[in-house]
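Reader: Hi! I'm new to this one, could you walk me through it?
Author: Happy to, let's take a look together.

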Amino acid sequence: MLYRAVRPLLFALDPETAHGLSLKSLDVLARLGAASLLASPAPRLPVRVMGLDFPNPVGLAAGLDKNGEHIDGLAALGFGFLEIGAVTPRPQPGNPKPRLFRVPEAEALINRLGFNNDGVDALAENVRRSHYRGILGVNVGKNFDTPNERAAEDYVACLRKVYPRASFVTANVSSPNTTDLRALQDPGHFDELIAALATERDALAKRYGNRVPLAVKIAPDIDDAGIEAIADRVAARGIDAVIATNTTVSREGVGLPASREQGGLSGAPLKALATAVVAKLRRALPASVAIIGVGGIASASDAREKLDAGANLVQLYTALVYRGPSLVGEIVRGLAPPGRVR
């Protein structure tokens, strides 16, 4: 109810300004123990994926909290897990503003943020200071000026920094807002990258006595051959999960002026495309490799579609902007079989 009342005020602001204000307000409410004003607690709906025990299968997608500055506030909304980032080895400002756009008629967002973040050292310190002890994923990428031939160095550097405090680490090779980043999904680059990450993960597992799962996040705009090639390499290199999907560069079915803005489109128009990628991955991957479905989830039925298509977990982002934080608990309750909610 509270979010419904304040949403018109937030939508009167520039989207990036509203984003920052919302997160700071959430932090204040969480510190005061008043997060229940925004969302009722989500029921337990436990699931074991990637060797980790999730209290429920509904997570926060990467991109909302790039620097891990708002972990405790976001945790109060009832997510089964959080994913922060994307983070790069060195701080970078991202693309020029304006770079975030609402498409309310389609319940969508377009962003061309460009991996704006304070760098991996700042994120690691924010995680250290947080009180959250749930499952935390960290999404990592490369700096914009690192050539793809040296991209693995950036991803490995981030993995080393976040390994001691991450529950899982995701290699983001699919943002459309860093020049040529999606070329890292091409077979040669992709295999080199995930091989380097898997080798480093094995070394870190011995050092820390703890094997942290690795995931890769892919685009929805890959053809069937590309999906099969990724699935083959993921299985061969011992990657634990694929996150499907990132935002799309397609504007199919969104005939609105705002959709002409460059960047990745998320929200309702992405739902069917992302679900189709989940289904194709499930057919191509062994059951031991998890799939995290993300894209256009705004209800329990949307989440169920992703799970029925083969996802083990789901993530939200854009729908929170339009539906509000109470959506998390609503989806978890809607996924629970009769008698399972507690």
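Author: With a relative accessibility of 12%, S266 counts as buried. Keep in mind that this is a predicted model.

Reader: Thanks! Where is the place of S266?
Author: S266 sits in strand β11, which covers residues 264-267.

Reader: And what does the side chain of S266 make a polar contact with?
Author: With the side chain of T318, at 2.6 Å. Not counting residues up to four places away in sequence, S266 touches E107, A108, L109, T247 and T318.

Reader: New topic: is T170 buried or exposed?
Author: T170 has a relative accessible area of 0%, so T170 is buried, the cut-off being under 20%. T170 belongs to strand β8, residues 168-172.

Reader: Which residues is T170 in contact with?
Author: Setting aside neighbours within four places in sequence, the contacts of T170 are E83, V138, N139, V140, A215, V216, K217 and I243.

Reader: Now the helices. At what angle do the axes of α4 and α5 cross?
Author: At roughly 20°, and the axes come within 10 Å. Helix α4 spans residues 120-129 and helix α5 spans residues 151-162. Angles under 35 degrees count as roughly parallel, so α4 is roughly parallel to α5.

Reader: Is that crossing of α4 and α5 left-handed or right-handed?
Author: The crossing of α4 and α5 is right-handed.

Reader: Which residues make the contact?
Author: From α4 there are V120, D121, L123 and A124, and from α5 there are C158, K161 and V162. By class, the contact of α4 with α5 has five nonpolar residues, two charged residues and no polar ones.

Key
Residues are numbered from 1 along each chain as its sequence is written. This is a predicted model: local features need pLDDT of at least 70, side-chain atom pairs count only at pLDDT 80 or more; totals for chains, interfaces and linings use all residues. Side-chain values use heavy atoms; hydrogens and water are left out. Axes are lines fitted to C-alpha atoms, for helices over the stretch in contact, and angles run from 0 to 180 degrees between N-to-C directions. Helices (H or I, at least four residues) and strands (E, at least two) are DSSP runs, numbered from the N terminus. Angles under 35 degrees count as roughly parallel, over 145 as roughly antiparallel, 65 to 115 as roughly perpendicular and the rest as oblique. A crossing is left-handed if the near helix is turned anticlockwise from the far one by less than a right angle, and right-handed if clockwise. Contact means heavy atoms within 4.5 Å. Ala, Val, Leu, Ile, Met, Phe, Trp, Tyr, Cys and Pro count as nonpolar, Asp, Glu, Lys and Arg as charged, and the others, Gly among them, as polar. Buried means under 20% relative accessible area, exposed over 50%, partly exposed in between (1.4 Å probe, protein chains only). A polar contact is a pair of N or O atoms within 3.5 Å; within protein, one must be able to donate a hydrogen and the other to accept it, and residues adjacent in sequence count only if both atoms are side-chain atoms.
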